[in-house]
Structure formats: C-alpha cells, structure tokens
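This report goes through one protein model, from a few single residues to the whole chain. Please keep the sequence and the structure in view while reading.

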Amino acid sequence: MKASIKDIAARAGTSVSTVSRALNKSGYVSPDVRARVEEAVRDLNYTPSKDARMMRGAPSRVVGLMLPAVDVPFFGILAQAIEQALFQKGYQTLICCTSENLDHEMRYVSMLLSQRVDGVIVASAFGDDAHFEAFVEAGVPLVAIDRDLGRFADHVVTADHEAGGRLMVRHLAALGHRRIGVIGAPAHSQSIKVRLQSIRDEMVALGLEPAAVALGEEHTFAAAYDRARSIMEKDPDVTAIIGMTDIAAIAAIHAVHDCGRSVPGDISVIGFDDLPEAAYVIPSLTTVSQPIREIGEQAAQVIEAAISQRRGGEGETGDVVTRLPVRLVERQSTGPVRGSV
C-alpha cells in the first residue's frame with residue numbers, strides 16, 4: 001500500500017501540516033523536524049500524488065470554498081460572509097456545493113487542485129476525510145469551518161456547539177420543563193452530534209428524563225415538521241421541543257399549532273443559529289445565537305494568513321482551533337410549563 005502523508009507524519013512524530021511545509025518547502029520547519037520528515041520519506045518510499053505536483057506554481061488568488069449545501073440559510077450566510085471578506089483581500093472565491101454527497105466532495109477536491117487554488121475553506125459533511133490529504137500533499141492550506149477535519153486542517157473555526165446544547169437545556173429546565181423532545185438534521189453532521197451529546201449530558205446532570213430524539217438526514221422544513229409531529233404523537237406529555245437548528249424549530253412551531261396546541265402555552269420551542277427569520281416567525285423564536293458571519297470572516301482571515309505563511313515562509317503556527325462563543329436569545333416561543341406558576 002502506498003504510503004500517505006499521514007504515515008510520514010506518524011513516523012516523523014509531527015503534524016500533517018508540518019510535513020506538508022517540509023515537503024513543499026513552504027513555511028518554517030525546524031532543521032531537526034525537517035530531517036525526521038526526510039528520513040521518514042526515505043524509509044516509507046513516499047512519492048507525492050500527480051495532483052499535488054500540478055499545484056506548484058504562481059499564486060492564483062483564488063480560494064476554494066466547499067459547503068454541503070447553499071440552500072440552507074446557515075451556509076448561505078456563511079458563504080456570503082466568506083466571499084465578501086476574501087474579495088476585500090483581493091481573492092476570488094470558487095464555491096463548491098457537495099450536496100451532502102461524498103463522491104461530489106471527492107471530485108471537487110480534484111477540481112480545486114486542477115484550478116490551482118491558493119487555499120481551501122471547507123465544511124465537510126462527512127467524518128471520512130482521507131481525500132483531503134491531496135491538499136496537504138500539494139501544500140494547499142486547509143481551514144475547516146463548523147466541524148473538525150483532524151490532522152488535515154491547518155485551522156478550525158467553529159461555534160461552541162457543546163456550550164450551545166447546554167444553554168438550551170438549562171433555559172428549558174429553568175422554566176420547569178422535564179419532558180423534552182429533540183428534532184433536527186442532518187444526523188451525520190459533526191456539529192449536530194456535538195449539540196445532541198451536550199443536550200443529553202446536561203439533562204443527566206440536571207436529573208431530567210432522557211430526551212425523545214428524532215433526527216434524520218433531510219434538512220428541510222417539511223421533514224422537520226414531520227419529526228416534530230412524531231415526537232408529540234409518541235410522547236403526548238412532552239412540554240418542550242429543541243430544534244437542533246432554527247429551521248427545525250420553526251417547523252416545530254407550525255407542527256404544534258397544527259396539532260391544536262399553542263406555543264409556548266402548551267409546548268415551548270427553542271432553536272439554534274439565530275437566523276434572520278427567527279425574529280419574525282410568530283411567536284418569535286427563542287434560540288441559541290451562533291456568530292455565523294464572524295465564523296466566515298474569521299475563516300477568511302485565517303486562510304489568508306496561512307496562504308501568506310506558505311508562500312513567504314514566515315514561520316510555523318501549528319494546528320489551532322478557534323471556538324467562538326454562543327449566547328441565548330430569549331424571545332416568545334419559550335415559557336413556563338403550564339400550571340407551574
């Protein structure tokens with residue numbers, strides 16, 4: 001089996017990004033580490049891929065942006081923030097929508113390499129990240145947003161999803177809610193998984209009953225509406241619904257209404273994102289606000305710095321995670337359990 005850049009990093013006892021800098025002679029690598037990398041390359045008989053060799057050349061002033069969807073409001077806002085920030089820095093943005101499809105994601109990797117992009121910002125829909133090794137081999141900086149890519153990313157920019165999950169539970173518990181349902185999508189999303197785990201952990205910590213959970217892969221209002229109705233049918237005593245996104249929460253408000261019940265009189269509903277629509281739905285949505293535009297602007301800033309470092313050899317920064325804080329925005333869709341006040 002052909003040795004990979006991850007194998008080189010493991011043998012040399014360093015990070016994948018450091019190996020990339022050493023192989024591509026871009027950015028600072030200490031003499032000792034460089035020697036270990038070169039020794040590992042010889043020992044494992046490593047050769048870079050054809051796509052990686054194609055990447056070397058003059059700067060293109062183009063950054064690739066890989067997103068799982070652009071019709072989901074969160075990613076649409078994120079894409080606009082990134083494109084505008086990069087444009088102001090003199091870069092063009094090549095936006096690739098992978099449609100939650102692993103084959104599409106892999107093909108876009110090859111396409112971006114052929115376009116000789118200077119860097120890539122990616123929100124991968126999957127945990128399988130081996131195809132991103134091609135960027136590392138080519139010395140192309142990679143910034144992950146909203147989810148981690150392990151050793152392949154130079155930097156990760158994300159909201160604090162764990163804190164957000166706990167905020168939702170604490171808010172509902174303070175209002176007297178003990179029977180809480182959870183709906184959302186896509187179930188395979190890293191950020192959704194982190195939020196769900198923190199919700200469960202906080203419920204255990206507060207002595208609440210285990211949540212009824214209905215997650216799926218389709219992230220649409222219609223699918224979330226059906227999940228909310230299924231939660232209420234399975235557990236008629238549920239007094240609150242957590243939407244893992246604002247889309248899910250807004251759909252839940254409609255589902256509660258169509259079941260002849262009221263929000264928040266009968267069932268409280270809380271979301272996550274703080275999309276512009278959250279303030280205008282009736283009743284207005286209580287939600288955990290994540291700084292979507294700031295995430296995009298930070299990602300643009302980080303990728304520009306990484307590109308400059310690779311081209312100019314300004315020094316090694318190491319792998320870093322920027323985790324931006326979230327906050328609770330209390331509106332009209334949550335209230336005390338009926339009869340508790």
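## A residue in a loop

D146 sits in the loop that runs between β4 (142-145) and β5 (155-159). The model is a predicted one. Is D146 buried or exposed? Its relative accessibility is 3%, so D146 counts as buried, the limit being under 20%.

The backbone of D146 has a positive phi of about 70°, although D146 is not a glycine. Most residues other than glycine have a negative phi.

## Another positive phi

R61 is also not a glycine, and its phi is positive at about 60°. Its place is the loop between α4 (50-55) and β1 (62-67). With a relative accessible area of 37%, R61 is partly exposed.

## Two cis peptide bonds

Most peptide bonds are trans. Which bond does V263 form with P264? The peptide bond joining V263 and P264 is cis, with an omega of about 5°. P264 belongs to the loop between α11 (246-258) and β9 (268-273).

A cis peptide bond also leads from I282 to P283, where omega is near -5°. P283 is placed in the loop between β9 and β10 (286-289).

## A residue in a strand

T322 is part of strand β11, which covers residues 320-324. T322 has a relative accessible area of 18%, and therefore counts as buried, because the limit is under 20%.

Which residues does T322 touch, leaving out those up to four places away in sequence? They are H155, V156, V157, T158 and Q298. With H155 there is also a polar contact of 2.7 Å between the two side chains.

## The whole protein

The protein has 12 helices and 12 strands. Its radius of gyration is 23 Å, close to the 20 Å that the globule rule gives for 341 residues, so the protein is as compact as a globular protein of that length. The C-alpha trace spans about 70 × 40 × 30 Å along its principal axes.

Of the 341 residues, 54% count as buried. Taking contacts between residues at least 6 apart in sequence, 74% join residues at least 24 apart.

## Surface and charge

The protein exposes about 14,600 Å², and carbon and sulfur atoms supply 51% of that area.

Methods. Residues are numbered from 1 along each chain as its sequence is written. This is a predicted model: local features need pLDDT of at least 70, side-chain atom pairs count only at pLDDT 80 or more; totals for chains, interfaces and linings use all residues. Side-chain values use heavy atoms; hydrogens and water are left out. Helices (H or I, at least four residues) and strands (E, at least two) are DSSP runs, numbered from the N terminus. Buried means under 20% relative accessible area, exposed over 50%, partly exposed in between (1.4 Å probe, protein chains only). A polar contact is a pair of N or O atoms within 3.5 Å; within protein, one must be able to donate a hydrogen and the other to accept it, and residues adjacent in sequence count only if both atoms are side-chain atoms. Contact means heavy atoms within 4.5 Å. The radius of gyration is taken over C-alpha atoms; the globule rule is 2.2 Å times the number of residues to the power 0.38. Accessible areas come from the Shrake-Rupley method with a 1.4 Å probe; for residues, only the protein chains shown count as cover.
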